[in-house]
Amino acid sequence: MAAEMALLKPISFKPETSPLKTSAKFSRTTYRFSPKMAATQAKETTKKSGKAAIKETLLAPRFYTTDFDEMETLFNTEINKNLNQSEFEALLQEFKTDYNQTHFVRNKEFKEAADKIQGPLRQIFVEFLERSCTAEFSGFLLYKELGRRLKKTNPVVAEIFSLMSRDEARHAGFLNKGLSDFNLALDLGFLTKARKYTFFKPKFIFYATYLSEKIGYWRYITIYRHLKENPEYQVYPIFKYFENWCQDENRHGDFFSALMKAQPQFLNDWKAKLWSRFFCLSVYVTMYLNDCQRTAFYEGIGLNTKEFDMHVIIETNRTTARIFPAVLDVENPEFKRKLDRMVEINQKLLAVGESDAPALVKNIQRVPLIAALASELLAAYLMPPIESGSVDFAEFEPQLVY
Ligand SMILES: [Fe+2]
Ligand SMILES: [Fe+2]
């Protein structure tokens with residue numbers, strides 16, 4: 001997983017403890033994690049390190065859990081005759097090849113580059129690494145558990161999940177090593193225990209994770225290509241790794257595409273169309289609002305934030321249209337106008353949050369802004385969609401057997 005899979009849910013401002021700490025210990029962490037090991041680390045580190053409180057917000061990267069019993073049923077070859085085991089076997093071989101086994105090797109350029117990043121850009125860089133690491137680690141936890149839970153029912157699918165968790169652990173570990181260049185480390189063990197887990201039914205895990213992988217692919221490849229053309233903005237070497245890295249995300253997305261094809265009931269009716277549009281909107285809006293709060297980062301590497309985001313949204317939407325039964329008309333200029341209005345409203349909401357007014361006053365000030373945001377979201381959702389998808393509806397309609 002690469003992108004932040006935050007979704008539009010009621011805002012909860014429950015304070016959490018920050019997992020970010022100044023430590024040299026985690027710079028020695030290997031790229032393999034296990035939830036068990038992580039839990040042990042969590043115990044030690046909660047005692048040792050003093051951590052400042054942070055807020056869990058609407059747009060923060062989330063950790064996910066699902067109904068594993070339902071997952072087992074979905075991947076039971078006895079029950080689900082749509083499972084194309086030969087396709088999964090082929091995918092498994094691809095994952096076993098492990099193209100990036102030797103890709104994530106650091107060199108001394110990292111620390112030297114990090115030392116040169118100073119001023120406001122330094123803080124925003126740290127935040128980028130922290131959020132990306134959390135998002136990758138979220139994928140690791142979910143895939144690891146799916147690999148474990150599906151072992152008996154469908155060993156091939158289970159092994160693919162385990163190999164995807166291997167990739168995500170590598171990605172998270174590499175980003176965490178990046179944080180060590182800034183004399184910080186994300187306490188992943190602590191995160192595993194302390195973060196809230198969002199529950200999604202399997203169907204929604206498929207939509208959200210597919211989108212997250214594909215949007216992650218487009219983000220990484222776009223940054224990589226931009227920096228290749230404009231090397232003067234290559235301020236930190238991690239971006240040089242994005243070309244091969246994003247191929248991992250692309251493969252993960254393709255696996256989810258194969259999984260969804262094996263579950264045509266998630267793709268072939270009007271409800272699937274409504275949910276597809278909902279998830280596209282959630283993922284695109286979350287990214288746009290998040291990135292527009294962090295323009296300093298994108299400008300720091302020579303990108304125009306909104307142009308970058310629109311490129312990523314359009315490309316992700318085109319890719320997604322190959323499998324989702326409906327997608328949003330993101331190339332309609334009205335869609336971007338709506339996103340921009342949401343950014344303005346969100347900025348006002350943030351300003352209310354940061355003001356010194358009493359909590360009650362703040363809440364009253366928020367009401368019209370939340371209503372305005374909700375109405376923009378609804379209007380974007382209701383824009384005429386694009387019918388899409390490659391699953392043949394008729395093929396899956398119930399047929400009479402004589
Ligand atoms: Fe990843
Ligand atoms: Fe991924």
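**Helix α5, end to end.** In this predicted model, helix α5 takes in residues 120-149, 30 residues in total. From first C-alpha to last, α5 reaches 44 Å, close to the 44 Å expected at 1.5 Å a residue. Much of α5 is tucked away: 22 of its 30 residues are buried, so the helix is mostly covered.

**E127 of α5 and its partner R294.** Here E127 pairs up with R294 in a salt bridge, with 2.9 Å between the closest N and O atoms. This one links distant parts of the chain: E127 sits in helix α5, while R294 belongs to the loop between α10 (270-292) and α11 (295-300), 167 residues apart. E127 counts as partly exposed at 23% relative accessibility, whereas R294, at 12%, counts as buried.

**D181 meets R106.** The structure holds 24 salt bridges, and this view shows the one between the side chains of D181 and R106, at 2.7 Å from N to O. D181 is buried, its relative accessible area being 2%; R106 is partly exposed at 26%.

**K338 and E334 within α13.** K338 forms a salt bridge with E334, their closest N and O atoms lying 2.7 Å apart. Both residues belong to helix α13 (residues 333-354), and because they are four residues apart, about one helical turn separates them. K338 is buried, with a relative accessible area of 9%.

Methods:
Residues are numbered from 1 along each chain as its sequence is written. Chains are lettered from A and ligands numbered from 1 in the order in which they are written. This is a predicted model: local features need pLDDT of at least 70, side-chain atom pairs count only at pLDDT 80 or more; totals for chains, interfaces and linings use all residues. Side-chain values use heavy atoms; hydrogens and water are left out. Helices (H or I, at least four residues) and strands (E, at least two) are DSSP runs, numbered from the N terminus. The expected span of a helix is 1.5 Å times one less than its number of residues. Buried means under 20% relative accessible area, exposed over 50%, partly exposed in between (1.4 Å probe, protein chains only). A salt bridge is a side-chain nitrogen of Lys or Arg within 4 Å of a carboxyl oxygen of Asp or Glu.
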